[in-house]
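Please view the sequence and the structure alongside the text.

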Amino acid sequence: MSATESRPTAETAEGPATPATSQATKETLEDYTLRYAPRSYRRWTPMVVATTALGGIAYMADFSIGAGIGLAHGTGNALVAIAVAAVVIFVTGFPLAYYGARYNIDLDLITRGSGFGYYGSVLTSVIFASFTFIFFALEGSIMAQGLRLGLGLPLWLGYLVSTLMVIPLVIYGMKALSKLQVWTTPVWLVLMVGPLVYLVVTDPGTVDHFLSYAGTDGDGGVNTASVLLGAGVCLSLIAQIGEQIDYLRFMPPKTEANKRRWWMAVVMAGPGWVVLGALKQVIGVFLAVYILASAGPSVAPEPIQQFKGAFDAMLPSWLVVPLAVVLVVISQIKINVTNAYSGSLAWTNSFTRLTGRYPGRMVFVLVNLGFALALMEADMFSFLNGILGFYSNCAIAWVVTVATDIGVNKYLLKLSPHAPEFRRGMLHPVNPVGVVSFVAASGLSIAMYFHAFGDTLQPYSPVAAAVIAFALTPLMAVATKGRYYLRRPDDGIPEPLLDQDGNPSGTVYDCHVCHQAYERPDVTACATHGAVVCSLCLSTDRVGDHVLPASGELTA
């Protein structure tokens with residue numbers, strides 16, 4: 001059926017949408033949460049999208065992570081650990097970023113069709129949601145430290161303030177977030193880079209002191225165990241690519257005219273985020289070593305103390321604390337609106353798939369913030385490296401599994417469908433390729449992390465997570481012969497999903513359930529009504545009335 005033929009009249013539609021469906025439709029159309037992002041909405045240039053995406057990595061956690069590794073293991077081990085983690089994050093992030101930008105879907109939707117299945121990817125949605133509230137809590141803790149220093153607020157109140165202040169901002173979607181990130185980025189860059197440049201130029205001895213620092217657990221040399229322990233903490237950030245894709249899915253179509261700018265934006269704001277992240281971790285080590293003698297090891301990992309010490313060397317005393325607090329607050333707002341936004345999408349997506357109900361994204365904004373606040377009040381900052389070291393095993397297993405499915409199973413083995421599929425009815429409920437690989441990789445690496453295989457192997461848990469996921473994903477695809485990727489070969493609409501340039505088609509169809517117009521990749525034929533139905537209405541169809549049958553089955 002053609003696009004025009006597929007438009008149902010009032011007589012052929014099944015009736016008015018329910019209030020719940022209407023609310024879900026209205027909210028998800030604000031910035032296409034849980035959906036394919038149509039080209040009619042994607043009006044930003046590649047560079048605006050890239051700037052917005054990079055604005056979300058203004059978090060201060062990198063300074064704490066770098067400082068923690070450097071103070072424990074020494075500068076040499078920290079620098080190698082940061083470099084190793086950055087390479088892994090860049091390599092695994094590239095195929096994910098490309099798919100998000102090329103096919104305009106978020107990482108959860110990519111995961112569904114890249115080895116996990118429609119319900120199987122709920123596992124990874126929970127992993128990603130956990131990432132967002134863990135790092136929200138970390139950033140909120142850093143802001144509370146700043147408010148305590150600048151305004152004298154007790155930490156418990158600072159935690160509450162840092163949580164509540166993002167709610168008005170995260171209510172809005174991509175349009176509001178893009179403005180916030182673009183306008184605050186220049187101020188943030190000046191405040192972050194200025195002190196470092198000043199210290200290096202005016203006191204070159206700080207560089208020598210930084211490079212020679214041996215750490216509390218080190219002897220000044222570089223050793224494999226220390227490097228891997230440090231890299232494991234850094235690799236907890238591997239899931240950050242999911243937040244980058246939440247912005248990259250709004251990239252315009254790639255054409256001959258814009259392909260150079262398009263690729264530059266995808267690489268820079270996709271896997272390229274880790275370049276800036278690694279630099280911030282190195283700066284964190286530098287500043288922690290710089291203030292160690294005056295501040296002491298207990299507070300040297302705190303970014304507010306690091307920048308207070310740096311500003312102290314270059315500014316009048318009356319300006320030091322206010323400027324340090326401004327930097328921390330700007331950074332916290334920039335990243336935590338993204339954490340709250342992305343976390344709400346992950347929770348909502350999982351809940352909608354499992355229950356067939358859409359409770360509204362704001363419900364899960366509050367859920368995510370509640371988890372984050374509980375972590376902050378439990379003083380997670382004091383056992384930061386332990387939390388991140390454990391979490392990294394799950395994050396690595398997930399990201400490596402999906403990246404391997406794209407790079408190996410799709411392009412080399414050609415057992416996984418080239419274009420990602422995410423719509424209910426088109427996918428099997430569970431695909432053992434991704435689920436088995438992820439569960440095995442994360443389970444064994446977590447056991448290793450908790451010394452189940454001895455103290456000698458414990459530092460190698462992140463390596464195990466990556467290697468097991470990388471090896472098992474293609475092995476499972478070969479063993480299953482790719483049978484569990486697609487439940488049926490077509491979606492009942494003759495028009496191709498992609499146009500002649502390989503971009504998702506912009507042809508518009510009307511969903512006969514919610515009576516809204518959607519572009520070709522977001523709809524399928526309806527099993528019983530001779531019309532088309534959108535992906536969200538399929539997700540909220542609790543009786544399966546609209547879901548296409550599997551190949552070989554008869555329609556109702």
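## A buried charged pair

Aspartate 62 and lysine 280 are both buried, where buried means under 20% relative accessible area, exposed means over 50%, and partly exposed lies in between (1.4 Å probe, protein chains only). Their side chains form a salt bridge at 3.4 Å, N to O; a salt bridge is a side-chain nitrogen of Lys or Arg within 4 Å of a carboxyl oxygen of Asp or Glu. The pair joins distant parts of the chain, with aspartate 62 in helix H3 (residues 61-73) and lysine 280 in helix H14 (residues 273-295), 218 residues apart. Helices (H or I, at least four residues) and strands (E, at least two) are DSSP runs, numbered from the N terminus.

## Basis of the model

This is a predicted model, in which local features need pLDDT of at least 70 and side-chain atom pairs count only at pLDDT 80 or more, while totals for chains, interfaces and linings use all residues. Residues are numbered from 1 along each chain as its sequence is written, and side-chain values use heavy atoms, with hydrogens and water left out.

The mean pLDDT of the chain is 85, and 89% of its residues reach 70 or more; pLDDT is the predictor's confidence in each residue, from 0 to 100. Over residues 1-17 the pLDDT is below 50, and this stretch has 36 contacts in the model beyond near neighbours in sequence. A contact means heavy atoms within 4.5 Å.

## Overall architecture

The chain has 21 helices and four strands. Of its 556 residues, 59% are buried. Among contacts with a separation of 6 or more, 80% are between residues 24 or more positions apart. The chain exposes about 20,300 Å², and carbon and sulfur atoms supply 68% of that area; accessible areas come from the Shrake-Rupley method with a 1.4 Å probe, and for residues only the protein chains shown count as cover.

Helix H11 (residues 224-234) is mostly covered, with eight of its eleven residues buried. The buried residues of H11 are Ser226, Val227, Leu228, Gly230, Ala231, Gly232, Val233 and Cys234.

## Other salt bridges

The structure holds eleven salt bridges. Side chains of opposite charge can pair when their charged atoms come close. Aspartate 108 and arginine 353 meet in a salt bridge at 3.0 Å, N to O. This pair also links distant parts of the chain: aspartate 108 lies in helix H5 (residues 107-116) and arginine 353 in helix H16 (residues 317-355), 245 residues apart. Aspartate 108 and arginine 353 are both buried.

Arginine 39 and aspartate 499 form a further salt bridge, 3.0 Å from N to O. Arginine 39 is in the loop between helix H1 (19-31) and helix H2 (46-55), and aspartate 499 is in the loop between helix H20 (461-480) and strand S1 (508-510), so the pair ties together parts that are 460 residues apart in sequence. Arginine 39 is partly exposed at 26% relative accessible area, and aspartate 499 is partly exposed at 23%. Elsewhere, Glu421, Arg423, Asp491 and Arg520 are linked in a network of salt bridges.

## Aromatic pairs

The structure holds 23 aromatic pairs. Rings of Phe, Tyr and Trp (its six-membered ring) pair if their centres lie within 6.5 Å; planes under 30 degrees apart count as stacked, over 60 as edge-to-face and the rest as tilted. Tyrosine 41 and tryptophan 44 make an edge-to-face pair, with 5.5 Å centre to centre and 70° between the planes. Tyrosine 41 is buried at 11% relative accessibility, and tryptophan 44 is buried at 17%.

The ring centres of tyrosine 98 and tryptophan 262 are 6.2 Å apart and their planes stand at 85°, so this pair is edge-to-face. Tyrosine 98 is in helix H4 (residues 75-103) and tryptophan 262 in helix H13 (residues 259-269), 164 residues apart. Tyrosine 98 is buried at 14% relative accessible area, and tryptophan 262 at 0%. Ring pairs join Phe94, Tyr98, Tyr99, Tyr103, Trp262 and Trp263 into a cluster. The charged end of lysine 254 sits over the ring of tryptophan 262, 5.9 Å from its centre; a charge sits over a ring if NZ of Lys or CZ of Arg is within 6 Å of the ring centre and within 35 degrees of the ring normal.

## Threonine 524

Threonine 524 lies in strand S3 (residues 523-525) and is buried, with a relative accessible area of 1%. Not counting residues up to four places away in sequence, threonine 524 touches Arg423, Met426, Asp491, Ile493, Ala531, Val532, Val533, Leu538 and Leu548. Arg423 and Asp491 also belong to the salt-bridge network.
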